[in-house]
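Subject: Handover of a structure and notes on its contents

Dear colleague,

Please find below the structure that I am handing over to you. My notes follow it, arranged by topic.

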Amino acid sequence: MAVMISVPPPAQIPSRNILVSFDRRKVRSDTFVMAGLLAGRVTRAQKPGYPCDRNTEEKGNAEVYDYIIVGGGSAGSVMAHRLSAKSSNKVLLCEAGQDTPPGNEPAEIRDSYPGTVYFDPRFHWTELKVTTQVVSHNNPQAERPPLRKYEQARVLGGGSSINGQMANRGAPTDYNEWEARGAAGWNWNGVLPFFRKLERDLDFDGPYHGTDGRIPVRRIPREHWTRHSEAFAQAFASAGHQFLPDQNGEFVDGYFPVTHSNENETRASAAMGYLDRDTRKRPNLTISTDTQVRELLFEGTRCVGIKAIVGGKEQEFRGNEIILSCGAIHSPAHLMRAGIGPVGHLHELGIPVLTALPGVGQRLMDHPSISLSSFVRRGARMNEHTRRHMQLGLRYSSGLPGVPKGDMFVVVLSKSAWHAVGAQIGSALTFVNKTYSETGQIKLSSRDPKQEPIVEFNLLSDRRDLERLMSGFRKMAAVQMSEQVKAVTDKPFPAAYTDRVRKIGVVNNKNRILTSIAATLMDGPAALRHYMIDNFVVEGFTFDDVINDDEALETFVRKNTIGVWHASCSCRMGRADDPMSVVDTEGRVKGVQNLRVVDASIFPVVPCANTNLPTLMSAEKIADAMVR
Ligand SMILES: Cc1cc2nc3c(=O)[nH]c(=O)nc-3n(C[C@H](O)[C@H](O)[C@H](O)COP(=O)(O)OP(=O)(O)OC[C@H]3O[C@@H](n4cnc5c(N)ncnc54)[C@H](O)[C@@H]3O)c2cc1C
């Protein structure tokens, strides 16, 4: 008998829905049953101290789900909602992180200003570290680039619960390229209906916009912008760029109010949109948070279930289909641990090969980015209208031969961190939107699912990306030197997202006090401010260094380019005969049965967009094909 219960949240146990499937006649000890309930699942008589023999009796009793979704992030939330909309489907959603109960989401997640939750370890895979600079595999003697933290969400809603809320789709040419690379049916006309389906645009309607989707999107009206944003907008206009009221309208160059997934100054995560109160009432949907899936279970090449740690105990769940939605770093790691991946690498780790798929974990992508920051004068900083610090964006064409239009993106930030110094620093973050560096990779460090994989982004492996970041930086330097921007800023500097920045970005009293003192001094005389920026903020390169010397600029860009958390493309969708494709156009993993990947890993190439909406769109499109 299966019973859905909602366990009220005692202090140390996060609230979750738990599936309980048990035979009442065999229950002997109330205390132990209660422990079993809290652990997740009780299927047979169990006494404390008696190991549970899952392979015999439990298998007999076990409920078989139609779908088990591993990972309740952006894609997983969509899949759980859409698949459970059909009442005959029994759906289990397992999320390693904590729940975000409707109406009771942590304040940091709800906040329009996302900079606090970015750095909150409660919502991250805290052990994950990556390299961004190119790793030389031809020269084993070469020093490995430094490891950096790379935040990936571990919370219901996944990336959409901690991200910057930027909500855009990319260029029509991106999706035409997806189709050309083997994703039949995923051209612009094939994907636009699903972009429209997922959103409820609060400002615009018409052929590009959805009006009744689950994710509200909006823009900060220009009259509410900071004077800092307004100055950049005027400088963009003076440089010849046109104003576009709607970033998500026709994909042309210009500057615009950035679209973000938010309503009433509150984030709209995938969990808020797709796992709302009504969806959670569905009797055929079980959401199990704090549930880390450790292993995929196979019978031959058929995936039949998962092993997970629920409330500290290992549990097995059986499903007719398993859907991996763990994100572009963890989904390929699951496949490789199950023996699905590049044969040589599986042999290195002694993993028996279930099916050879050389593309698993390969060609990982992100958008390379670089920042130019400056001190923002009083009166030009954040105002009373909004806590959103990213109000203005610019799309432009680099003009590099052979590169599609709108290949570059700039977002203007009127604040750089939650603390007092962060409130005084603004930035222009430039990223290569049409990225060509495709040599990133994910490999297992160990067979142990507790160990994070080895992640190499190799961000500037294609020279075109380096050149455009350098020219993008020069372009923003010119904007920075414009009269409009100079009037509201002081002391520009090339910014580096270093561990020092990260450390001071953690919310605690020490950082609050230190930054308050520093901010008071920074608001003092210009000479003191310049001294402080040169000595405590800038690391390595000054503004003059990099604008007067191309070599210094190249060194700065190579060293400080980081991704913008758009990890993707590590289990690409493609044609069956493409040796590097991992899944077909409905996310089915090649060479095995009953296993799909649906998340940002399946992108055939990263689009000219922040990746949340493209991920939600991909899940909507695949779910639609599955329930049809
Ligand atoms: C800090 C940050 C800022 C970003 N800013 C933006 C932005 O402004 N706009 C934008 O469009 N995009 C942004 N992105 C990117 C965007 O959010 C992601 O591309 C998108 O969320 C990816 O969705 P996904 O479903 O592929 O993976 P995720 O949303 O990451 O979901 C994966 C989920 O799987 C869970 N999981 C993993 N392994 C297991 C396991 N073994 N067992 C159970 N659960 C597991 C994880 O905990 C996670 O919740 C940002 C991302 C980050 C991290």
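How many of the 7 residues of strand β3 (residues 64–70) are buried? The count is 5, and β3 is accordingly described as mostly covered. Please bear in mind throughout that this is a predicted model.

Strand β3 and its neighbours

Strand β3 has two pairing partners to point out. With strand β15 (residues 313–324), β3 pairs in the parallel sense over 6 bridges, and Tyr65 stands opposite Gly319 of β15. With strand β4 (residues 91–94), the pairing of β3 is again parallel, over 4 bridges. Here Ile69 has Leu93 in β4 as its bridge partner.

The two domains

Between them, 16 residues of domain 1 are in contact with 18 residues of domain 2. On the side of domain 1 that touches domain 2, two or more residues come from each of α9 (270–274), β13 (291–299) and α11 (327–337). Helix α11 gives the largest share of that side, with 6 residues. By class, this side of domain 1 has 9 nonpolar, 4 polar and 3 charged residues.

The nonpolar core

The largest nonpolar core has 149 residues. Those that touch the most other members are Ile68, Ile69, Val70, Met79, Ala80 and Phe232. Both domain 1 and domain 2 give residues to this core, so the core lies between them. For Met79, leaving aside neighbours within four places in sequence, the contacts are Ile69, Ile323, Ser325, Val598, Ala619 and Ala623.

The surroundings of the ligand

The ligand is surrounded by 41 residues, of which the closest are Gly71, Gly73, Gly158, Gly159 and Gly164. At least two residues of this shell are supplied by each of α3 (74–84), α5 (159–162), β13, α11 and α20 (612–627). Sorted by class, the shell has 15 nonpolar, 22 polar and 4 charged residues.

A sheet of four strands

An open sheet of 4 strands runs in the order β7-β8-β10-β11, and its pairing is mixed. The edge strands are β7 (199–201) and β11 (266–267), each of which pairs on one side only. The pairing of β7 with strand β8 (residues 215–218) is parallel and spans 3 bridges; in it, Glu199 stands opposite Ile215 of β8.

Of the 7 residues of strand β25 (residues 489–495), 5 are buried, so β25 is largely enclosed by the rest of the structure. Strand β19 (residues 369–376) pairs with β25 in the antiparallel sense over 5 bridges, and the bridge partner of Leu372 in β25 is Pro494.

Val537 lies in helix α17 (residues 526–537). Is Val537 buried or exposed? Val537 is buried, because 20 other C-beta atoms lie within 10 Å, and 20 or more is the cut-off for a buried residue. Not counting residues up to four places away in sequence, Val537 touches Phe493 and Met532. The C-alpha atoms of Val537 and Glu143 are separated by 27 Å, and these two residues are 394 residues apart along the chain.

Two residues with positive phi

Two loop residues may be of interest when you inspect the backbone. Glu265 is found in the loop between β10 (260–263) and β11. Although Glu265 is not a glycine, its phi is positive, at about 60 degrees. Glu265 is partly exposed, with 15 other C-beta atoms within 10 Å.

Asn594 lies in the loop between α19 (550–560) and β26 (595–597). Its phi is near 65 degrees, a positive value in a residue other than glycine. Asn594 is also partly exposed, with 19 other C-beta atoms within 10 Å.

With kind regards

Terms used. Residues numbered from 1 in each chain as written. Predicted model: local features only at pLDDT ≥ 70, side-chain atom pairs only at ≥ 80, totals over all residues. Contact = placed C-beta atoms within 7 Å. Nonpolar A, V, L, I, M, F, W, Y, C, P; charged D, E, K, R; others polar. Buried ≥ 20, exposed ≤ 12 C-beta atoms within 10 Å, placed from the backbone. Near = placed C-beta within 6 Å. Core = buried A, V, L, I, M, F, W, Y, C linked by C-beta atoms within 7 Å. Domains from an automatic or database assignment. Pairing = 2+ DSSP bridges.
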